[in-house]
Amino acid sequence: MHLLGLFTAFLIFISLASAAHPASCSGACNVHDPAVIRRTSDGTYFRFSTGNRIQIATASSLAGPWTIQGSAIPAGSIIDLDGQDNLWAPDVSNVGDYYYLYYSVSTFGSQNSAIGVARSRTMDVGTWTDLGSTGINSSTGSAYNSIDANLIATGGNYYMTFGSFWNDLYQVQMANPPVKIAGSSPYQVAFNSTGAHAIEGSIVFKHSRYFYLFFSSGTCCGYDSNRPSAGNEYRINVCRSTSIAGPYVDAAGRSCKSGGGTTVLGSQDWLYGPGGQGVFADSKSGRTILYYHYVDTRIGYADGQKRFGWNVLNWSGGWPTVA
Ligand SMILES: *[C@@H]1O[C@H](CO)[C@@H](O)[C@H](O)[C@H]1NC(C)=O
Ligand SMILES: *[C@@H]1O[C@H](CO)[C@@H](O)[C@H](O)[C@H]1NC(C)=O
Ligand SMILES: *[C@@H]1O[C@H](CO)[C@@H](O)[C@H](O)[C@H]1NC(C)=O
């Protein structure tokens with residue numbers, strides 16, 4: 001007991017000593033589920049986020065100042081489903097001549113969901129064409145929930161990783177161009193059988209010879225009215241695999257399909273509940289950037305108060321850490 005106490009104190013000391021804080025953000029820094037990409041033509045950073053029918057903000061630097069430009073899909077989605085006017089969790093990729101914006105149509109806690117796609121050549125407000133459903137959809141009783149999409153291109157093929165709660169994370173091959181599923185069935189890539197199966201918001205990023213599956217684990221929202229017990233709030237976990245389809249394992253060798261996941265960023269100091277993350281190779285700095293939303297406990301716990309955070313990732317040792 002005594003030794004365990006000492007050991008715990010030591011661990012707390014270590015984690016305090018290595019406390020990571022988000023890099024600075026100025027301008028429009030309130031976001032939920034950000035997706036960031038740098039426009040190749042002029043180097044402008046575009047940030048998409050939940051709300052305002054997928055809000056678009058731009059900046060000349062990740063640190064800002066961020067300026068809100070408007071909505072990507074101002075008329076709402078053409079997908080005829082509850083939530084078509086309240087689009088969530090954008091993901092943006094550059095494929096060929098287009099930027100593809102994936103979005104979720106759903107309502108909170110419901111499996112009646114679909115992943116839609118819009119595309120644009122420039123990403124500017126007013127240039128997006130909504131193409132509707134990707135064919136990834138679900139309803140009550142489905143194995144998965146069709147939200148929180150993330151596209152990756154590898155080996156000339158496209159894969160969509162998606163999912164939230166129920167049986168957690170799934171993946172499916174996409175056609176070329178990646179506006180529809182290729183035809184095969186989605187398969188599971190991560191699952192935590194304990195508790196509420198609270199895994200969502202995945203993103204797969206290729207580094208060196210591995211595919212890294214980042215995901216948000218825990219309770220995302222409503223911290224001002226119903227705060228989860230300590231340790232059950234959002235945190236950013238990772239698993240990796242040499243194959244896009246898995247099997248994904250964490251740094252301790254545990255399967256991501258049986259509760260595995262190594263924490264990259266969790267609550268510390270005034271940073272609380274980080275998640276809804278993305279990862280991208282920043283062509284300006286040449287570094288890999290992890291970005292996310294989080295609660296700054298000095299500001300407030302409400303969903304509308306969530307802040308845009310980002311950090312450089314350090315790949316030393318083959319597992320990403322926040323530098
Ligand atoms: C997905 O959408 C198609 C076409 O809109 C529909 O026929 C099918 O039943 C849906 N599947 C689920 C699981 O909701
Ligand atoms: C799996 O879920 C349990 C219960 O919510 C949680 O305590 C545990 O941390 C989760 N595992 C991971 C890797 O997040
Ligand atoms: C990356 O992590 C390694 C090992 O902890 C450390 O030696 C190195 O200084 C870090 N690099 C940066 C840029 O922080």
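Me: Which residues surround ligand 1?
Reply: In this predicted model, ligand 1 is surrounded by Asn137, Ser138, Ser139 and Ser142. The protein covers 31% of the 370 Å² of accessible area that ligand 1 has on its own.

Me: What makes the pair formed by Ser139 and ligand 1 a polar contact?
Reply: A polar side-chain atom of Ser139 lies 3.3 Å from an oxygen atom of ligand 1. The cut-off for a pair of N or O atoms is 3.5 Å, so this pair counts as a polar contact.

Me: How is the shell around ligand 1 divided by class?
Reply: The shell has no nonpolar, four polar and no charged residues.

Me: Which residues are around ligand 2?
Reply: They are Asn192, Thr194, Ser217, Arg235, Asn237, Gly259, Gly260 and Gly261. By class, this shell has no nonpolar, seven polar and one charged. Gly counts as polar and Arg as charged, so Arg235 is the charged one.

Me: How do you know that the side chains of Thr194, Arg235 and Asn237 make polar contacts with ligand 2?
Reply: The distance from an oxygen atom of ligand 2 to an N or O atom in the side chain is 3.1 Å for Thr194, 2.9 Å for Arg235 and 3.2 Å for Asn237. Each value is within 3.5 Å, therefore each pair is a polar contact. Of the 360 Å² of accessible area that ligand 2 has on its own, the protein covers 65%.

Me: Which residues does the UniProt annotation "active site" cover?
Reply: According to the unreviewed UniProt entry, the annotation covers Asp33 and Glu200. They are spread over 168 residues of sequence but cluster in space, with a largest C-alpha distance of 11.2 Å.

Me: Why is Asp33 called buried?
Reply: Its relative accessibility is 14%. Buried means under 20%, so Asp33 counts as buried. Asp33 sits in the loop between α1 (2-17) and β1 (35-38). Leaving out residues up to four places away in sequence, Asp33 touches Phe48, Ser49, Thr50, Ala89, Pro90, Gly276 and His293.

Me: What makes the pair of Asp33 and His32 a polar contact?
Reply: Their side chains are joined at 3.5 Å. The cut-off is within 3.5 Å, so the pair counts.

Me: Why is Glu200 called buried?
Reply: Glu200 has a relative accessible area of 7%. That is under 20%, so the word buried applies. Glu200 is found in strand β13 (residues 199-207). Not counting residues up to four places away in sequence, Glu200 touches several residues, including Asp148, Phe165, Cys220 and Tyr234.

Technical notes: Residues are numbered from 1 along each chain as its sequence is written. Chains are lettered from A and ligands numbered from 1 in the order in which they are written. This is a predicted model: local features need pLDDT of at least 70, side-chain atom pairs count only at pLDDT 80 or more; totals for chains, interfaces and linings use all residues. Side-chain values use heavy atoms; hydrogens and water are left out. A residue is near a molecule or strand if one of its heavy atoms lies within 4 Å of it. A polar contact is a pair of N or O atoms within 3.5 Å; within protein, one must be able to donate a hydrogen and the other to accept it, and residues adjacent in sequence count only if both atoms are side-chain atoms. Accessible areas come from the Shrake-Rupley method with a 1.4 Å probe; for residues, only the protein chains shown count as cover. UniProt positions are given in the numbering used here, feature names are shortened, and annotations may be inferred rather than shown by experiment. Helices (H or I, at least four residues) and strands (E, at least two) are DSSP runs, numbered from the N terminus. Buried means under 20% relative accessible area, exposed over 50%, partly exposed in between (1.4 Å probe, protein chains only). Contact means heavy atoms within 4.5 Å.
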